[in-house]
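My entries are below, in the order I made them.

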Amino acid sequence: MAKYVGAIDQGTTSTRFMIFDHDGHEVARHQLEHEQIMPQAGWVEHDPHEIWETTQDVVEAALGRAGITFDGLAAIGITNQRETTVVWDRRTGEPYYNAIVWQDTRTDKIAAALDKDDRGTLIRERAGLPPAPYFSAGKIQWILENVDGVRADAEAGHAIFGNTDSWLIWWLTGGPDGGLHMTDVTNASRTMLMDLETLAWDDELLAIFDVPRSMLPEIRSSSEVYAHTVADGPFGGEVAIASDLGDQHAALVGQVCFEPGDLKNTYGTGNFLVLNTGTEIVRSNNGLITTLAYRFGDAAPVYALEGSIAVTGSAIQWLRDQLGIIKAAADSESLASSVDDNGGVCFVPAFSGLFAPHWRSDARGVIVGLSRYNTVAHIARAALEAICYQSKDVIEAMIADADLDLQTLRVDGGVTANELCMQIQADVLGVPVSRPVVAETTALGAAYAAGLAVGFWASTDELVANWKESARWEPVSTAEQRDQGHAQWKKAVERTFDWIDVD
């Protein structure tokens, strides 16, 4: 009997394959970064071929580290960076263009035009999303309008679209030789093309973006056996592909947030707070996204409110790669710890505009409050504070939309290794912050969903029993300190507005 479940976690900056045992413990992993292609300001792209090649490499390496072959896996799951858009030729597997990444802002004029008439209202009501460059539909439209030959091939049924989950599943199941073209409800809910209630592609939404239906993948549940890997692929045999979830939905599952009111915050390239609202669709009046949490098999879909923040961990990478004030991301903690406070500096990293709860594509990043007194240490501390204040803004919106009573914030993702950042988060919120033993809950959630589909785990009760806390940060700030800090942050956010003309 197979002892393990695997998960491919295809993220914004890297791809990893992780293997877990029945207790949810990590057995092995391998991870590789891929190139961030930035042809001009505001444009962010990935090479789809590189993503597929690194996926094959991390699978083979992790299996080798675990000392197992494909038959040691009961199933595998897929989780992925959402909204990132790939359009390729189903006959050859050749992309027509690089993947356009969720952070990319080239479609800001497309998004802005939608809010000048009733189309924006329709998108909000039908898809649960505000018109924004963030989502996939505008990126598909851009490729159809700007890349030679794509429109004709799409009309002929040759050009097909998918987020990176669809791209990988297609290759894992044969590619041009019968590869499965599919996605799940969570990824589909991030396109601006799916009806939240019917869980189907919507003709009126397709018409808004002039996207041919033939381009779109089949929408399936988040947890079921879709197909098996081909024998000549990276697994070296047939393994059931049994889950597919966007990364933040997978993290919700990995944090075992199965009850309405359960909330998690994932700290990665961006921050993503997801609140389980059960089988009820909760419409936001405060700048949040209404989305799918997950759907297991034939069970009723579970919905969520989400606050997406574009730039958090990637701001630390910016300090490293663009400014050169740190040599490694982990150095941000020691540098920021060398000062007691931010010295009056606020850093709002609105590099891709501002996402939830503001949705301002005209915003750009600012560092304000500088004086001769300030050093790079104050900027580093302000970068960590920006991660935490952006999360606070989203949580306040959730409190208003869903009457959330936050007692503890469950956190996961790479930035949670930064002890100072997590202490700042507890102080900014005034509630404890709790990190689980397995901080990489995105991959764990994909593994859990796959294991449930094949009976490796009998029920979600087993998954809840697996959850264990590894660290907790208690707030030490006063209410006055929290209020003063947040007021200063709000003033800084206002300084980012109206920088880019998107009319």
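**Ground rules.** I worked on a predicted model, in which local features need pLDDT of at least 70, side-chain atom pairs count only at pLDDT 80 or more, and totals for chains, interfaces and linings use all residues. Residues are numbered from 1 along each chain as its sequence is written, and side-chain values use heavy atoms, with hydrogens and water left out.

**Backbone.** I looked for a cis peptide bond and noted the one from Ala356 to Pro357, with omega near -5°. Pro357 sits in the loop between β19 (346-348) and β20 (366-368). Helices (H or I, at least four residues) and strands (E, at least two) are DSSP runs, numbered from the N terminus.

I then checked for positive phi. Glu83 is not a glycine, yet its phi is positive at about 70°. I found Glu83 in the loop between β5 (73-80) and β6 (86-89). Is Glu83 buried or exposed? Glu83 is buried, at a relative accessible area of 1%. For burial I used under 20% relative accessible area as buried, over 50% as exposed and anything in between as partly exposed (1.4 Å probe, protein chains only).

Asp210, also a residue other than glycine, has a positive phi near 55°. Asp210 belongs to the loop between α8 (203-209) and β12 (218-220), and at 44% relative accessibility Asp210 is partly exposed.

**Helix packing.** I looked up α12 (residues 376-402) against α16 (residues 479-494): the angle is about 95° and the axes are 11 Å apart. Axes are lines fitted to C-alpha atoms, for helices over the stretch in contact, and angles run from 0 to 180 degrees between N-to-C directions. The pair α12 and α16 is therefore roughly perpendicular (65 to 115 degrees; under 35 is roughly parallel, over 145 roughly antiparallel, the rest oblique).

From α12, Ala386, Tyr389, Gln390, Lys392, Asp393 and Glu396 meet Gly485, His486, Trp489 and Lys490 of α16. Contact means heavy atoms within 4.5 Å.

**Rings.** I counted 25 aromatic pairs in the structure. Rings of Phe, Tyr and Trp (its six-membered ring) pair if their centres lie within 6.5 Å; planes under 30 degrees apart are stacked, over 60 edge-to-face and the rest tilted.

Trp43 and Trp142 make an edge-to-face pair, 5.5 Å centre to centre with 85° between the planes. This pair links distant parts of the chain, 99 residues apart: Trp43 is in the loop between β3 (26-33) and β4 (45-46), and Trp142 is in helix α4 (residues 136-146). Trp43 is buried at 18% relative accessibility, and Trp142 is buried at 12%.

I looked up Tyr448 and Trp457 next; their ring centres are 5.0 Å apart with planes at 90°, so this pair is edge-to-face. Tyr448 is buried at 2%, and Trp457 is buried at 1%.

Which residues do ring pairs link into a cluster? They are Trp102, Tyr134, Phe135, Phe272, Phe355 and Trp359.

**Charges over rings.** I found Arg106 over the face of Trp43, 3.7 Å from the ring centre. Arg360 lies over the face of Phe497, at 4.1 Å from the ring centre. The criterion is NZ of Lys or CZ of Arg within 6 Å of the ring centre and within 35 degrees of the ring normal.
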